[in-house]
Amino acid sequence: MKYTKLNFMLSVLGIIIYITDLIVDIGVSVRFFYEGRNVFGILTVSFMLFGTLVVQCFSYSWFKADLKKAGQENQHCFLLLHCLQGGVFTRYWFALKKGYHVAFKNSSKIDNFMEEHIDPHKEVIDRMTDLSMLRLFETYLEGCPQLVLQLYTFLEHGQANFSQYAAIMVSCCAISWSTVDYQVALRKSLPDKNLLNGFCPKFTYLFYKLFTLSSWMLSVVLLLFLDVKIALFLLLFLWFLGILWAFKKQTQFCASISMELLYRVVVGFILTFTFFNIKGQNTKCPMFCYYIVRVLATVGILVVFWISPVSIFNSDYFMSISITVALTLVLGIIFLIVYYGTFHPNRNEETKPDEIDGKAAQRDCRMKYFLME
């Protein structure tokens, strides 16, 4: 597997989106405080801190594990960089520096690496996969709650300023990009996984995630307008069920018990917004049940809103939102069926146990223990 010039340019695009998302989030929080909406400002900052703190914890634990694997001593400068919230940027620096030499320089240095039995392309791909997973964590821990908040403020006032429009658009782009980028990077980093090649599979997967996420977020926003306590109870209940599912599957992603517990908490949170395969096992039945519950919950929220005597929007405005929720959910399910029926890399293989469970565990790549299908 080669790390190409196109891969390098996409990696650069990834950090540009990451920085843009960070700048827009800061701008939105500042505007909230400036306009006197302190609650929204505090929530925006809280989501940012929650996401980045979790990401720094995972990044530093991976640095320690990689240094230990290489027989090197733990360097305290890495701990300081992560405490200063610079872990992701540090990883980008090392990955892009290495990726540039691999993709653009002559093969003389590559040959030296090969003599040491180290595949530089594989090394760069693994580093980029780590970054893709960290971005995925931060996207769902920070971006999804912020997108719900942005949609809530937009629908509450019926209009939005430029920064709010920018935040909504950048959040959608960040969520979409991180989801597809991780799926591609994951399969590229694992030699026993089929690649997700071509534009059609990638765009189908993108629209499946984007439409199902959009429908659910709009449904949550509607429920927030109806009753904030009920909406929070529903989200916390779904989060709790996601954590229970992670414990039931006995995930083995992290080396330490404490990080594994944190990982399961993060898994539960992500499952609140979208489905993914947390252990690489056959997920037809769990996915079917997940989206049946999602459809029932969405329909239930719409029905409650229609019969509710509380008038929150005018009827014409709510009609368009209801149609959007229903249409995006239907489209998301259609793209899901098309992806798994036509474009999934393993569609032509016989049903079999997960590659992890069916083989002896090989911890050459931590991503073998986190699979998003």
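## Aromatic cluster and pairs

Tyr 205, Tyr 208, Phe 275, Tyr 290, Tyr 291, Tyr 339 and Tyr 340 form one aromatic cluster. The model is predicted: local features need pLDDT of at least 70, side-chain atom pairs count only at pLDDT 80 or more, and totals for chains, interfaces and linings use all residues. Residues are numbered from 1 along each chain as its sequence is written, and side-chain values use heavy atoms, without hydrogens and water.

The structure holds 26 aromatic pairs. Rings of Phe, Tyr and Trp (its six-membered ring) pair if their centres lie within 6.5 Å; planes under 30 degrees apart are stacked, over 60 edge-to-face, and the rest tilted. Phe 58 and Phe 137 make a tilted pair, at 5.0 Å centre to centre with 50 degrees between the planes. Phe 58 belongs to helix H2 (residues 38-69) and Phe 137 to helix H6 (residues 120-157), so this pair ties together parts 79 residues apart in sequence. Phe 58 is buried, at 0% relative accessible area. Phe 137 is buried too, with 0% relative accessibility. Buried means under 20% relative accessible area, exposed over 50%, and partly exposed in between (1.4 Å probe, protein chains only).

Another tilted pair joins Phe 269 and Phe 273, with 5.6 Å between centres and 55 degrees between planes. Both Phe 269 and Phe 273 are buried.

## Charges over rings

Arg 91 places its charged end over the ring of Phe 63, 4.3 Å from the ring centre. The charged end of Arg 264 sits over the ring of Phe 247, 4.7 Å from its centre. The criterion: NZ of Lys or CZ of Arg within 6 Å of the ring centre and within 35 degrees of the ring normal.

## Second largest pocket

The second largest pocket has a volume of about 900 Å³. On a 1 Å grid over the protein atoms alone, a pocket is an open set of points with protein on both sides within 12 Å along at least five of seven lines; a cavity is a set where a 1.4 Å probe fits but cannot get out; lining residues have an atom within 4 Å of a point. Points are joined across faces, edges and corners, and volume is the space filled by probe spheres set on them.

The lining of this pocket has 30 residues; Leu 10, Trp 177, Asp 181, Val 184 and Lys 202 lie nearest its centre. H1 (5-34), H6, H7 (162-189) and H8 (199-226) each supply at least two lining residues. H7 gives the largest share, eight residues. By class, the lining has 17 nonpolar, eight polar and five charged residues. Ala, Val, Leu, Ile, Met, Phe, Trp, Tyr, Cys and Pro count as nonpolar, Asp, Glu, Lys and Arg as charged, and the others, Gly among them, as polar. Domain 1 (1-106 + 120-189) and domain 2 (196-345 + 367-372) both give lining residues, so the pocket lies between them. The domain bounds come from an automatic or database assignment.

## Largest cavity

There are two cavities of 30 Å³ or more. The largest has a volume of about 150 Å³. Its lining includes Gly 14, Tyr 18, Asp 21, Arg 135, Glu 138, Glu 142 and Trp 177. H1, H6 and H7 each give two or more residues to this lining. H1 gives the most, with five. The classes are five nonpolar, three polar and four charged.

## Overall fold

The chain has 12 helices and zero strands. Helices (H or I, at least four residues) and strands (E, at least two) are DSSP runs, numbered from the N terminus. Buried residues make up 50% of the 373 residues.
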